[in-house]
Structure formats: structure tokens, C-alpha cells
Amino acid sequence: MARGTKSKTVLKLVILAIALQETGGGAVAPAMADIIAANPDYATTTLMLIQTAPYGAAMIMAPVYGFLSRKVKKRSVALAAILMFIIFGVAPYFFPHSMGAIIFCRVMFGVATGLLIPLAFGLCTDFFEGKERTMMIGLVQAAACIGGIFFQTLGGYLATLGWNFVFLAYLISVVILLFAFFALPEPKYVDETEAYKKRKEELAALSFKEKFPPIVIAYYAEVVLFMITILILINNLAIYITAEGWGGSVEVGYILSAHSVCGFIGGLVFAAFCKLTKKWNITVAVGLAALCFALMWFANNLWMAAAGAALVGFLPTFILSGTWDKISNTVVPIFATSAVAVGVACQNLGQFVEPYYLEGINTIFGLTLGRDAFMVATITCLVLFVILVIQTAAERDRGTMESIAVLEEDMSPM
């Protein structure tokens, strides 16, 4: 029996509800200082896995989703992922003294989010076309930011009851599960036409370098490096604010929510920012990130630190959206989705390796968590900024790859 709504408005709402969960991992961020204080027998790097393990799992699942979506119905993938999000999200509340079990649950939670992120964008492609599809992709990004605001704020409040209470924030997804069960339809399968298959064969004859220019590897490396600095902020803000005596988990929750609000606004003004900065958009955004981290590094009160943390929220949207756009315009268009999926995996890789990156630098230079972490973030962004200045200055117009684009004209069967 077919399930799902026939109303486009309800369909849009259920896709946006699914997207709200993409940034659910942030619910535990306001409690990180409390978690570290409550578990002195564990290394800080181990405890940071509570925050970063989901990114490692999501890094693996993002490219796997493409294969899975061709073998399993997307509606089934959606419902299974949301159910996993709830079960493994909430489970750590019940065994706060078993760190191994908590980290295992966070890995499985990351598997769920790793499926939900590409799923939300994929559903936009399946159900919408043209300007409506573009609008929905933008709304999905905005919904992810709103979800970040909600989970971080709720996590901040729940942390005041006890650090393990933050995991109860994921119970809200029971509502989303029911909504998806009754409202999400299965996308219609479209057979490949002979013309479509022929064009795929012609594209297959191109060399790997023609399909996938080497500069894309540099884009991936830059995404990893930038996301390390963002996770330095997320993982160290609570430690920093608490150590300086400026507040606790509630204040951290508010600051992270302001960070997400700025990310939401950034998505709305991204086009205007690109129009103003042209090909320098990513370079300018990384330079601004360095300034924001420097403001946190030198802050002498809560408001300075909060301003830096909030303002840096604009920049992941500018940098990641700008990078996905560059990748899409650099590779052969038919491989753009796969190339961006690898980019999303690199985004999660940067978030996963951040504790090891920071611990390595702290060990070499005798630094500590808290204020020193923002010095590391500042210097990392400055190094990245210099690389991007050189790279962007050397950039030449790649054209539109017209000879290849011709092969792809009308490749999507109707």
C-alpha cells in the first residue's frame, strides 16, 4: 500500500523536518566541560569522541548513501535513519558510567546523521525541479541551521540537570519519525533511456584528469583544515567560558545558538556575498574567520568571546557553499553530485580529526585547551588564508567545459 502525502506543501515540510536533525550532534556541545569534569579518569581526547565520533561515522556514510539509495527504498532509509537517530541518541542517558557504550552509541548516531544529510538533499532532487529544487536545497540548509539552534539550546538547558540529560534532547525526533511515516512518499523510479546510457558511455571515455581536475584535491584538503577550526570552537567553547569564569552550560548554549543563527542568515545572504567578493569569496571568508577566532583568543569578557563565536557562524556557509560550487563547476557536471558527496565526507573528516590535531599541536608547543585552542584556530585560518590568496590569484577562468556539457545535455530522462 502506497504511503505518503500528495500535497507539495506537506512534502516540503517533511523534508525540512528530516533536515532539522542534520546538526543534532551539537546537543552535547554545551555539556562538554561538565563531561570532562565528571570523568577525570578518562583522557580529554577520549571524552571528545562523544562530540566527534558521529562526524567520523558520518564521513563514511555520506558516500555510502549513494550506493544504498540505489538498493533500498529511500522511504525505508529515511525511517530507519530517524529511528537510529532516536535510539542511539537517547541511549547514553541510561549508562553515564560506561564511556565505551556511550562512544559506541555516538558512532551509531553518526551513521544515522550520515544517512540523513545526503537523504534530505536527495529528496529535493527526487521531488522537485528547476527553481523550486534550488529553493528547497536552500531551505534544507536553513533547516539544518535551525536544528542546530534548537538542539544546542535544548542541550544547554538539559545540561543544568546533569550532563547525561543532554541525550534526552533527541526524543523530539519521535515526532519527526511519525511525521515521516505518514507523510513521506517513495520517489518514483525513472528508467534510464538509451540516449542517457549512450552519453554515459561517451563520458566514460574521458580521462580521469578531464573528469576530475587535481585542484579538487586541494579544495578537499582546505575543507578538512577549515572544519578543524570550527570544531575547535564547538569543542572548546564550554571549556573556555567555564575556565574564564564567564558562565556555564546555559551561556554556552546561547552562544552556540547565536552561532547557528548567523549560519542561517549566512545562507540567506550567500548570493549577495558572492556577488560582492566574486572569485575571492572563499578567501575573504577564511580571512574573516581568522579575525573572529582572534577576537576570541584575545577576549577579556564574555561579550567579546560571544561576538567572535557568533560571527564566525556566518563563515561555514560561505566557505562550504562556495567550495561545493567550485567543485561542481570544476569536475564534469555528471560527477558533480559524487564529487560534492566526497567533499561532505571531508567536512566530516575535519570534524573527526580535530581533537587529534589540537592535541598534537598542544603537545608540541606546550599549550592547553581553552584560550590556547583559539590561538591555534586563528593561526590555522591565517595559514589557510595565505594558501588561498596564492591559489585564487593563480586561478584562471575554467570556462564552462562546453565540450563536455554538450554530452550531458538532456541527460536526465523525463
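Mentor: Happy to! Helices (H or I, at least four residues) and strands (E, at least two) are DSSP runs, numbered from the N terminus. This is a predicted model, where local features need pLDDT of at least 70, side-chain atom pairs count only at pLDDT 80 or more, and totals for chains, interfaces and linings use all residues. Residues are numbered from 1 along each chain as its sequence is written, and side-chain values use heavy atoms, with hydrogens and water left out.

The protein chain has 17 helices and 0 strands; let's look at H7, residues 173-183. Its buried residues (buried is under 20% relative accessible area, exposed over 50%, partly exposed in between, with a 1.4 Å probe and protein chains only) are Ser 173, Ile 176, Leu 177, Ala 180 and Ala 183. They sit on the same side of H7, because they cover an arc of only 155° around the axis, taken from the directions from the helix axis to the C-beta atoms. An α-helix has 3.6 residues a turn, so residues three or four places apart point the same way.

On the face turned away from that buried side, H7 carries the exposed residues Val 175 and Phe 182. Phe 181 also belongs to H7, and it counts as partly exposed because its relative accessibility is 31%.
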